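User: I'd like to learn how to read aromatic pairs and helix packing in a model. Can you walk me through it?

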Amino acid sequence: MSPALPSPRAVATAAWIAAASLFCAAAPPLRAQDLARFEPVPARQNDFALTLESIMRGSEHVGQAPVGVSWSDDGAWVYFRWLPGGAAWHESRVLYRVPSAGGTPERVDDEEAIALGPNLAPGDVSPDGRWRSTSFDGDLYLVERATAAARRLTHTESRESNPVFSGDGASIFFGRDGDLFAFDIDDGEIRQLTSVGGPEGPEEPEAEGHKAFLEEQQRELFEHIRVRELREERGEEQRELREAGRRETLHLAQGENAQDFVADPSGTYVAVTATRGGFGAGRQTDIPLWVTQSGYTENTEMRAKVGDEQGVSRLAVVHTGTGETTWLDLTGDGSDPAPESESESESESEESDHRLAVASFVGWDETGSYGLVFAVDYDYKTWRLYAYASASGELTLLDTHHDEAWVGGPCFGFGGAGCMGWLPSEASGSMPRAWYVSEETGYAHLYAIDADGGDKEALTAGDWEVLGATIPDGWDAFLLQTSALSPFDQHPWRMDFDGSNRVQLLEGEGSFAVTLSPDGRRFAVLHSRSNRPPELYLAEVGPGADMTQVTTSPTAEWLGFPWLQPEIVHFEARDGVDVPARIYRPSDFGVEANGAGVVFVHGAGYLHNVHNWWSNYYREYMFHHFLAAQGYTVLDIDYRGSAGYGRDWRTAIYRHMGGWDLSDQVDGAEYLIREEGVEAGRLGIYGGSYGGFITLMALFTAPESFAAGGALRSVTDWAHYNHWYTSRILNLPHEDEEAYRQSSPIYFAEGLEGHLLMAHGMYDTNVHFSDVVRLAQRLIELGKENWEMAVYPVENHGFVEPSSWTDEYRRIYELFERVIGDGSGASASGEGG
């Protein structure tokens, strides 16, 4: 048998790679604007093989980018976890450090890394800046910042957590065993500040009728009964005398737990968050693990489905001296926030209007006079921000925001509370002043307001978003992360507390995530571009500061390949809206287009993937190079529902996933036909998770647009997904059946005409394997033929093993070659077709 010869397209691709490495005068057939998107590389490189097997080895080539960046307390070192390329895929990041002035990163050996645990753990800084309190491995430590000496404060079997200094710096408040304690730094005394218990036992009712007659008869006839009653009365009197002056117990309802404690600076008042239910509530789903060491199938219990019993929360403020408790009414309707019995608690859970998905005590102001409280309704359509006055116990509504779809945005945070706090006293005047982020204008922006609800002020404005906001220790300004320059770039900014003097601190394309040094003068920066993964840099804090690169994660072979900075294009959707997308053209690789196009759909729904920084979908990024080198034109769309473009874009999928988000894919396909020379009838689509869901909807409801699709780990029926994500967008399945029917692919399976590949991990704890099994049965009963299913026994939602990645993408590529390609592309191994 003769050896297979390379295809003409494979030969052209190889020639392009060689020519691109030289950048000589005899340039390959690339447009000038395309050449500008490549970076010069040394002539000896381009050893990276653009094959599926090589691409899917992932981190072995690009490394594992630095994470967990932190400064030593004295500012001398920057620590981070990192794994450069060249290591096996199953290796984990290890601890490195680099001097604050820069230099070559040095690995910290395992023993020293363990010893440094208390120093590297996050913690609270004392008011005088001398100490930092941390919790490491369940015990408390006090770190002297100037010397980095760590003093162990506790050594117990209980887990101490969340240490915070008192306002005078003399004590550390911390949590242990469901209560809040104070550790006196000078003498080591530990005082309990709260007493949290379960439901109070019901009082025994007084006897009536024949029972009362029998009790009185016993008392009359028997001295033994009369003496016992007398002893019980005297014992009760003694107990009351002993307990006089003790703090009252905070009794929670049945099934509730105290999840969070926030003490005021003096330790006089403590806010307690009580939660019931949560991820463990409702009927759990069994997820089998098929390939095990024991040889037996093992089950993991995972989340309930949307609409089942879910978590709720409420807030109390406790006086630590007396235990007197005030439950806060955060519902906005005057309902009782404190169920008194198990039965009342259960009945309350049936009244969704009186429940809170989020009740969060954000923090106290510097004096402890006011607390900032955030609440989100159970249906996620309204949030409210309150100021709580500790002296009077009164709540003042500062602001509220209602969205007919659901409240959210980039600063909303998991669960709801994010990007809010109190301004320093010197910036507040006579009244404490709160700051927070709201989508009031349709974009996430920063606001400030007095604790009495007066003088509300917008600090930022425009068709861009505040992505993060903090007030660093020692700063008299905000440190912001925004998309002010472009939705495709993210930069840090400094801004005064009144919104003035907003200054960009780092410049260039891409994303810049910064960690501030203890003295507030230097940044450790994680910076990435679309064709380079995040690397660690060091820079001074100031406009236009130069950055010094510290790490280089990818291998030299990978860096030697001329990876594209994909062009960002816009196409007009059917409603006239401009939709952004990344495009990969065959001409970028010096080959002729084969007339076929592929649309990629990113996952998560609310995720940003069209931008100038490194994508989480970096294997797909490389796969798109491979497809384009075989003649396919690839479009990667930030469809409606994606992050980065404001409220209207975010909520366009309300009550209809598979509506505007799908039509954007169809309109993108039309753009490829109209502007890029792709032939009608020769379009494929693929994506994972939410992208898999859209792929199914595309093949089932838009068969005229897509002839082939790869649906990976896809949601097939939203009634079987989780509550916190799905209920926001589609409401509850038993209350809004129409939304679930029009959004779930399983109801449209009869529309399949093209060729479908479904690929799913059998141990998927997010989108359960049963999703795709149910759809398979539906397709079987409908008699559909042009579909196949690939299963991966050891994989969870995010694949890990390169062999699984390679098999999955080999199947996708071969599907496209078979259905929409022209047969001239390379084989999945990179050899001639």
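Analyst: Rings of Phe, Tyr and Trp (its six-membered ring) pair if their centres lie within 6.5 Å; planes under 30 degrees apart count as stacked, over 60 as edge-to-face and the rest as tilted. Searching the whole structure turns up 44 aromatic pairs. This is a predicted model, where local features need pLDDT of at least 70, side-chain atom pairs count only at pLDDT 80 or more, and totals for chains, interfaces and linings use all residues. Residues are numbered from 1 along each chain as its sequence is written, and side-chain values use heavy atoms, leaving out hydrogens and water.

User: What kind of pair do F48 and F561 make, and why?

Analyst: Their ring centres are 6.0 Å apart and the planes sit at 75 degrees, so the pair is edge-to-face. Helices (H or I, at least four residues) and strands (E, at least two) are DSSP runs, numbered from the N terminus. F48 is in the loop between α2 (32-35) and α3 (52-55), and F561 in the loop between α10 (556-560) and β37 (567-572), so the pair ties together parts 513 residues apart in sequence.

User: Are F48 and F561 buried or exposed?

Analyst: Buried means under 20% relative accessible area, exposed over 50%, partly exposed in between (1.4 Å probe, protein chains only). Both F48 and F561 are buried.

User: How is the F600 and Y686 pair arranged?

Analyst: That one is tilted, at 5.0 Å centre to centre with 45 degrees between the planes. F600 belongs to strand β39 (residues 597-601) and Y686 to strand β41 (residues 683-688), 86 residues apart. F600 has 1% relative accessibility, so it counts as buried, and Y686 is buried too, at 0%. Both belong to one aromatic cluster, whose members include W805 and F816.

User: On to helices: how do α13 and α14 pack?

Analyst: Axes are lines fitted to C-alpha atoms, for helices over the stretch in contact, and angles run from 0 to 180 degrees between N-to-C directions. Helix α13 (residues 660-675) and helix α14 (residues 690-701) pack at about 70 degrees, with axes 10 Å apart. Angles under 35 degrees count as roughly parallel, over 145 as roughly antiparallel, 65 to 115 as roughly perpendicular and the rest as oblique. α13 and α14 are therefore roughly perpendicular.

User: Which residues make the contact?

Analyst: Contact means heavy atoms within 4.5 Å. Here D661, L662 and Q665 of α13 meet Y690, F693, I694, M697, A698 and T701 of α14.
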